[in-house]
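Open the model in your viewer and keep the sequence beside it.

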Amino acid sequence: SVKKNIRESRRKSRLSQQEMADRLGMSRNAYRDIEQGKTKPAAFLPGIKNGGKSSSVDMSVAAQADIV
């Protein structure tokens, strides 16, 4: 699932939810809602494709590249 892929990508990057949220330019609560599947990533990150593995891959790349 998307939320599982997003969480696994963050954990592989050894980032807390706050650190990931900071790198993506959003609040920790907004990021948490994405990770828990309450909100779709595209609602906060229009450039990310909605659904599937592309979301988690794009978020992982953003974390590793320190993109805000």
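What share of the contacts in the chain with a separation of 6 or more comes from residues 24 or more positions apart? The share is 51%, with contact meaning heavy atoms within 4.5 Å.

This is a predicted model, where local features need pLDDT of at least 70, side-chain atom pairs count only at pLDDT 80 or more, and totals for chains, interfaces and linings use all residues. Residues are numbered from 1 along each chain as its sequence is written, and side-chain values use heavy atoms, without hydrogens and water.

**Whole chain.** Show it as a cartoon. You will find four helices and zero strands (DSSP runs numbered from the N terminus: helices are H or I, at least four residues; strands are E, at least two). Of the 68 residues, 35% count as buried (under 20% relative accessible area with a 1.4 Å probe, protein chains only; exposed is over 50%).

**Helix α1.** Select N5, I6, S9 and R10, the buried residues of α1. They cover an arc of only 130 degrees around the axis, so they sit on the same side of α1 (the arc is that of the directions from the helix axis to the C-beta atoms). Now pick R11 and K12: these exposed residues are on the face turned away from the buried side. Then step to R14, which follows α1 and has a positive phi, near 60 degrees.

**α1 against α3.** Select residues 2–12 and 28–35: the axes of these helices, α1 and α3, come within 8 Å and cross at roughly 125 degrees (axes are lines fitted to C-alpha atoms, for helices over the stretch in contact; angles run from 0 to 180 degrees between N-to-C directions). α1 and α3 are therefore oblique to each other (angles under 35 degrees count as roughly parallel, over 145 as roughly antiparallel, 65 to 115 as roughly perpendicular, the rest as oblique). Finish with the contact residues: K3, I6, R7 and R10 of α1, and Y31, I34 and E35 of α3.
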